[in-house]
Amino acid sequence: MTEHFTQYFTEQFAQHFGVVVIGGGPAGLNAALAAARAGASVALVDDNPRAGGQIWRQGPGNRGKSPQQASQHAQLHALLAALQTHDGFTHWPSTRVIAPLGSHALLLESAAHGGVSISYDRLILATGARERLLPFPGWTLPGVTGAGGLQALIKGGMPVRDERIVIAGSGPLLMASLATAREAGAHVIAVVEQAPALDVARFGASLLREPAKLRQAITLTRGFTGLRYWTGSMVREARGTDRVRQVTIRRGARDVTLDCDRIACGYGLLPNVTLAQALGCAISEAGEIVVDDEQRTSLAHVYAAGECTGVGGAELACVEGEIAGLAASGAAAEPAALQTLQALLARRARWRRFGARVATAFALRDAARTPPADTTLLCRCEDVSVGEVRRCADWRDAKLQTRCGMGPCQGRICGAAANLYFGWPAAMPRPPFNPAQIGTLMTAAEPPAATQ
């Protein structure tokens, strides 16, 4: 039956692969390598022009200056070099998934190939996570970005030397952004963490169980030398005319105002599950793709790995990717792979425990979950305020009445905020998932090739 299935899709679509991996970060790269080593024909589809994802992002502003960057680059280039030794491996950079085509095919749009449809026997979703942005008065001013967004911009070459930067929000991503900004020559004047001091201290003490993580934290923060690190605090307002010039921070019962040139504010990460939802994969109440011990989703031919299954860091993403690649290629079922698989499962359990500690320590408290003033923009694409959305019954009603979520981001930002503030479930995604050329959409409508 499998032979007939493969023959059918080979006739219908331009290219057929045994395994298609969506996402070129740590999880996707490890999944692709594990599947390629097992002999599968593998296509790695990535919307970035260079592999590495958000964690190992490459670019002119990320040249491996620090020991951590050097280590990340070494891991990345070792994976890429290993992948290039396999004839059955194909890399599709600058390529976005536009829509699923049936149960075993995808419509893509590539910078190099335009619109193209490919088919597969097994699919691995390594779609990562996106930053959670929460609105506050002034958050649409130039110079205000997410914490992870600041990292990406600096690694992409944006100059920040001598700029006064406030980094705010929640979670370890603030520390990574701090290190990146400092290495680029910025003056980080404050890190503002919404989690209480006691919870942050407990998490810091828990790092004694993971010496490598403790060393990494000390390296990233330099022990907070010469830096305001404020816990139990939140950005209340940004002010400026042409761009941000000041930020007001609520610290307990009082406000503190700082002059600054840039604000980077992000409240953790949210799994990217758009494609998984569209395919019909089960999603947990926490918004993560549900997987079994072999990283298989509720669909037998679809696997998922990395932060789309739960945010846990690069180490967890790497091991989950390797497990998914072995399972999707069929190698995990072979007796020779049993010892390797058992070791991978033990490593995964270790890093999942670490991820759970992060989630507990930096869970959003009431202050972060409370909507800002009604006049604050919630949907910046369509200029819709919090007050306008608050009057609606649910997310669908908000879209119908206010056009909230109808802009270029398709509700990825305002939808996450509305979910947190009002408890509204996110709407099911509808293809096309990204803006696409008419020619690409026509590719999906073209008649299949004639059967020989």
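Reader: Is Cys409 buried or exposed?
Author: This is a predicted model, in which local features need pLDDT of at least 70, side-chain atom pairs count only at pLDDT 80 or more, and totals for chains, interfaces and linings use all residues. Residues are numbered from 1 along each chain as its sequence is written, and side-chain values use heavy atoms, without hydrogens and water. Buried means under 20% relative accessible area, exposed over 50%, and partly exposed in between, with a 1.4 Å probe and protein chains only. At a relative accessibility of 16%, Cys409 is therefore buried.

Reader: How many disulfides does a search of the whole structure find?
Author: A disulfide is a pair of cysteine sulfur atoms within 2.5 Å. For Cys409, the nearest cysteine sulfur belongs to Cys381, 4.0 Å away. The number found in the whole structure is zero.

Reader: Which residues does Ile124 contact, leaving aside neighbours within four places in sequence?
Author: Ile124 is among the members of the largest core that touch the most other members. Contact means heavy atoms within 4.5 Å. With those neighbours left aside, its partners are Val19, Val20, Val21, Ile22, Ala31, Tyr303, Ala324, Gly325 and Ala328.

Technical notes:
A nonpolar core is a set of buried Ala, Val, Leu, Ile, Met, Phe, Trp, Tyr and Cys residues joined through side-chain atoms within 4.5 Å.
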